[in-house]
Amino acid sequence: MNGISQYKKNAVVFEVLGKSCYYFDISYERNVTERIHIGSGIGFSGIYHLYYSGGDFHEVNFSIPIYGAYSFGQKKHHLISEIGTSILGNTTPYSFLSLSDVTPFISVGYEYKGEHYVFRVPVYFAYIGRNEFFPSVMPWIGVSFGRLF
């Protein structure tokens with residue numbers, strides 16, 4: 001035995017209704033150990049053509065999730081939990097970026113980790129703060145599919 005681990009250390013993951021708190025996101029993940037990985041990505045919710053006193057511009061709403069995860073078990077089918085935060089932002093006139101909010105989240109869910117692919121169905125809980133429309137902690141379900149390399 002040569003002592004080199006056989007697990008894939010990197011992944012690119014596409015997620016719908018995921019940790020970015022927007023419609024979809026794409027993330028890069030790095031396995032620190034066989035059970036722990038860290039990651040970051042970018043999510044988008046829309047591009048809007050807006051008008052203001054100086055003219056018009058395209059506003060892009062985006063989110064940058066930063067997170068860590070722990071897998072409970074080493075089999076192909078197991079439980080996974082993530083903790084992190086999403087930094088919400090948008091573009092403004094004159095091509096400035098505005099970072100408007102930070103949304104912490106945790107998740108717990110199912111993960112299938114094959115030899116080349118990963119599939120997850122997590123339940124997220126994000127703290128969105130006090131507001132008039134939603135509870136302070138918002139739950140939702142995401143679905144993600146990734147390529148291990």
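This is a predicted model: local features need pLDDT of at least 70, side-chain atom pairs count only at pLDDT 80 or more; totals for chains, interfaces and linings use all residues.
Figure 1. Because Arg120 belongs to strand 7 and Glu29 to strand 2, the pair ties together parts of the chain that are 91 residues apart in sequence. Arg120 also meets the side chain of Glu111 in a salt bridge, here with an N to O distance of 2.6 Å. Arg120 and Glu29 are both buried, and Glu111 is buried as well.

Figure 2. The closest N and O atoms of Lys19 and Glu82 are 3.4 Å apart, and the two residues form a salt bridge. This pair links distant parts of the chain, since Lys19 sits in the loop between strand 1 (10-16) and strand 2 (24-31), whereas Glu82 lies in strand 5, 63 residues apart. Lys19 counts as buried because its relative accessibility is 2%, under the 20% limit, and Glu82 counts as buried with a relative accessibility of 2%. Through salt bridges that share partners, Glu15, Lys19 and Glu82 are joined into one network. A search of the whole structure finds four salt bridges.

**Figure 3. The nonpolar core around Phe105.** The largest nonpolar core has five residues, namely Tyr67, Phe105, Tyr124, Ala126 and Trp140. In soluble globular proteins, nonpolar side chains tend to be buried together. Apart from its neighbours within four places in sequence, Phe105 is in contact with residues including Tyr67, Tyr124 and Ala126 of this core.

**Figure 4. Ile83, Phe125 and the nonpolar surface patch.** Val32, Ile36, Ile38, Tyr70, Phe72, Leu79, Ile83, Ile106, Val108, Phe125, Tyr127 and Val137 make a nonpolar surface patch of about 1,100 Å². Two or more residues of the patch come from each of strand 3 (36-52), strand 4 (55-72), strand 5 (77-92), strand 6 (96-113) and strand 7 (117-127). Ile83, which is placed in strand 5, is exposed because its relative accessible area is 56%, and exposed means over 50%. Phe125, placed in strand 7, is partly exposed, with a relative accessible area of 34%. When neighbours within four places in sequence are left aside, Ile83 is in contact with Tyr67, Gly68, Phe105 and Ile106. Between the C-alpha atoms of Ile83 and Phe105 there are 5.9 Å in space, while the two residues are 22 residues apart in sequence.

Figure 5. In the chain as a whole, the secondary structure comes to zero helices and nine strands, and the C-alpha atoms fill a box of roughly 70 × 35 × 20 Å along the principal axes. Of the 149 residues in the chain, 37% are buried.

Note on methods. Residues are numbered from 1 along each chain as its sequence is written. Side-chain values use heavy atoms; hydrogens and water are left out. A nonpolar core is a set of buried Ala, Val, Leu, Ile, Met, Phe, Trp, Tyr and Cys residues joined through side-chain atoms within 4.5 Å. Buried means under 20% relative accessible area, exposed over 50%, partly exposed in between (1.4 Å probe, protein chains only). Contact means heavy atoms within 4.5 Å. Patches are made of residues with over 30% relative accessible area and no salt bridge: like charges are joined within 9 Å, nonpolar side chains (Val, Leu, Ile, Met, Phe, Trp, Tyr) within 5 Å. Accessible areas come from the Shrake-Rupley method with a 1.4 Å probe; for residues, only the protein chains shown count as cover. Helices (H or I, at least four residues) and strands (E, at least two) are DSSP runs, numbered from the N terminus.
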